[in-house]
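Hi there,

Here is the structure I promised to pass on. My notes on what turned up follow right below it.

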Amino acid sequence: MTGNKDTSSVLGNNINAIKKILGESSDLQIRNITLKGQDKKAAMLFIDGIVDSDGIQEYIIEPLLTYQIPFFQSDEELLSFMETAVIQTKNMTRVENINLASVELLTGKTLLIVDKCSTFLSTDTTKWNGRSIESAKGQRVAKGPDQGFNENRSTNISLVRKIIKNTNVRVTTKQYGTNTHTDISVMYLENVVDKQVLQTIYDRLDRLHLDAVLEANYIESVLTKESMSFFPLMLNTDRPDVVAAEILEGKIAIFVDGSPYVLIAPAVFIQFFQTPEDYYFSNTGFINTRLIRFCLYFISLYLPGIYVAFMTYHANLLPVKLLVGFVSQRELVPFPTSLEVTILIFVIIAINESSTRLQQNIAVTISIFGGIILGQSAIEAQLVAPASLVIVSLTYILLSVIPIYQLRITGANIILCFVVAGAALGLYGIALLSLLLLVHICSLRSFGVPYLSPFAPFVAHDLKDSAIQISLVEMTNDESHFMSEETMEETNEK
């Protein structure tokens with residue numbers, strides 16, 4: 001919506017102007033009234049379906065029709081009186097621009113226009129229809145809070161505020177998207193946030209030029225587009241407890257209206273292996289689930305590529321019994337190992353996608369058919385070797401232990417790269433690609449924070465919540481919160 005257009009003092013002209021801007025929309029509701037004691041006509045305008053109709057009737061229409069409004073010499077006095085003594089809504093603003101008034105209507109506000117008055121009253125009557133608070137779907141846990149975000153930004157912020165009752169919590173909201181005017185809120189803890197990182201995020205948001213913002217990924221794509229990397233540089237979560245924990249550590253949360261996922265920045269690599277259960281179960285015994293997750297992820301990255309490399313170039317390095325088994329399985333298989341593994345990876349991706357998109361009862365059938373019947377039939381038809389199917393299936397299972405879906409997508413891309421490297425150069429290709437990958441990940445920065453911190457650069461003090469987790473008491477009572485690379489260098493000097 002471009003250009004500025006001042007309001008008129010003629011009631012009919014204002015109504016016609018708004019109707020023209022909204023294209024004579026059928027859900028634009030107009031309620032004409034006469035102010036009692038003023039002998040003045042007025043009109044209320046709102047969009048049906050996005051307002052609280054009962055609230056409009058009880059707190060706006062009834063007071064205006066029943067209250068004896070005294071006579072005032074000026075329109076300013078009349079509007080001030082209606083604001084303070086007649087209309088009973090919680091928020092109210094004044095509007096003196098037709099285009100801005102139209103935007104107010106589209107956000108669920110109700111406009112009160114009085115004849116011979118060029119200033120409108122905009123009252124907050126927004127009531128978006130949406131789903132209630134449900135369990136988190138992105139990060140399910142066996143123990144801990146069972147609440148997840150929904151598509152209402154205000155509700156999501158309130159869920160985090162319920163956990164962090166702190167006067168240092170700051171929330172700033174601004175609209176983005178020239179067509180959608182989507183509300184985006186930035187939430188952080190004033191006394192622990194890194195001001196440099198915060199300013200970087202604000203600067204990038206100010207440079208945001210999008211026609212539409214429909215989901216949090218629109219913001220993430222723009223904020224991190226300079227990295228050109230497989231690896232996610234912002235954390236996505238639909239759990240209020242995760243967002244609250246990250247904010248308490250000095251991170252910044254970005255809420256996008258219409259999205260049940262909240263963005264966390266900056267994000268480092270080790271964060272994507274952390275789950276809420278790491279903090280909700282007692283960390284005693286010899287089994288460290290986070291470290292196991294970390295190891296299984298790297299096994300899943302290398303397993304198909306190393307298998308292809310050995311079967312293509314280094315079969316003589318395998319034990320004789322294992323080699324004989326592999327060779328006998330592949331005797332009648334028509335495809336080379338690299339193509340066979342690649343096809344199987346894409347088949348598993350297709351099964352996963354279909355089970356995600358289809359209805360739940362059909363998805364179960366597809367998963368069983370694809371995972372058991374199709375695999376067994378392919379082996380019996382000698383289209384694939386049993387070992388290849390086992391390797392790819394095991395890779396998918398190991399990759400699934402990662403709690404954050406973004407890193408699983410990254411893993412799938414890296415696996416394909418290792419398969420190509422193994423098929424082209426064998427173990428030398430795997431080693432070369434590993435070196436390139438390590439150099440790339442060491443060079444990554446998430447809003448100025450090294451992606452591999454606290455490992456590279458090494459900060460011993462911050463290893464308390466990395467691959468191995470120490471006592472919760474020591475972590476929660478720790479007042480040091482480094483964010484930017486410069487601050488970490490100061491920490492190392494100390």
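Helix α15 passes helix α16 in a right-handed crossing, where right-handed means that the near helix is turned clockwise from the far one by less than a right angle. Before going on: this is a predicted model, with local features needing pLDDT of at least 70 and side-chain atom pairs pLDDT 80 or more, while totals for chains, interfaces and linings use all residues. Numbering starts from 1 along each chain as its sequence is written, and side-chain values use heavy atoms, without hydrogens and water.

α15 covers residues 405-425 and α16 residues 427-443 (helices are DSSP runs of H or I, at least four residues, and strands runs of E, at least two, numbered from the N terminus). Their axes lie 6 Å apart at an angle of about 140 degrees (lines fitted to C-alpha atoms over the stretch in contact, angles from 0 to 180 degrees between N-to-C directions).

Elsewhere, Leu 22 sits in the loop between α1 (11-21) and β1 (28-35). Leu 22 counts as buried because its relative accessibility is 17% (buried is under 20% relative accessible area, exposed over 50%, partly exposed in between, with a 1.4 Å probe and protein chains only). Leu 106 is 84 residues from Leu 22 in sequence, yet their C-alpha atoms are 9.3 Å apart. Beyond four places in sequence, Leu 22 is in contact with Leu 28, Ile 47, Ser 102, Leu 105 and Leu 106.

Best wishes

Note on methods. Contact = heavy atoms within 4.5 Å.
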